[in-house]
Amino acid sequence: MYDHVGLKVNNLDASVRFYEAALKPLGHQISSRDDASAGLGPKDAPALWLTLEKGPAGRGAHIAFRASDHAAVDQFYKQGLQAGGRDNGAPGLRNDYSPKYYAAFLFDPDGNNVEAVCLK
């Protein structure tokens, strides 16, 4: 649905570590990296750009990534926590959204709300 999303981060290494681990189960990987930015997405098609910007944290953003199945959502959550993410909602059905809305939520190292969702 989107072409790309950019997030400003205070610690590029911590953010890359988090997103690389959390998004691996969803089929995403690092496609581009230098001292000031990193691009993640499907192989050779970065769609999430992390850009180093020192300064006070913003109010945070919300990004939801589509997962192919419930196991991928579970792995997103598990690996994201292990890579420095903070819990914002364990994997499970969100019947208030939809009877098939299976999701997990994490805060990334900069406080952005990151979600993996499967609608099957």
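Rings of Phe, Tyr and Trp, the last by its six-membered ring, count as a pair if their centres lie within 6.5 Å; planes under 30 degrees apart are stacked, over 60 edge-to-face, and the rest tilted. By this rule there are two aromatic pairs here. The model is a predicted one: local features need pLDDT of at least 70, side-chain atom pairs count only at pLDDT 80 or more, and totals for chains, interfaces and linings use all residues. Residues are numbered from 1 along each chain as its sequence is written, and side-chain values use heavy atoms, with hydrogens and water left out.

The rings of Phe 18 and Tyr 19 have centres 4.9 Å apart and planes at 80 degrees, so this pair is edge-to-face. For Tyr 97 and Tyr 101 the centres are 4.8 Å apart and the planes at 80 degrees, so that pair is edge-to-face. Tyr 101 has 18% relative accessibility and counts as buried, where buried means under 20% relative accessible area, exposed over 50%, and partly exposed in between, with a 1.4 Å probe and protein chains only. Phe 18 and Tyr 19 are both buried.

Now the sheet. Four strands form an open sheet in the order 1-4-3-2, with mixed pairing. Strands are DSSP runs of E, at least two residues, and helices are runs of H or I, at least four, numbered from the N terminus; two strands pair if DSSP finds at least two bridges between them. Strand 1 (5-9) and strand 2 (29-33) are at the edges with a single partner strand each, so one side of each has no neighbour in the sheet. Strand 1 pairs with strand 4 (residues 48-52) in the parallel sense, over five bridges.
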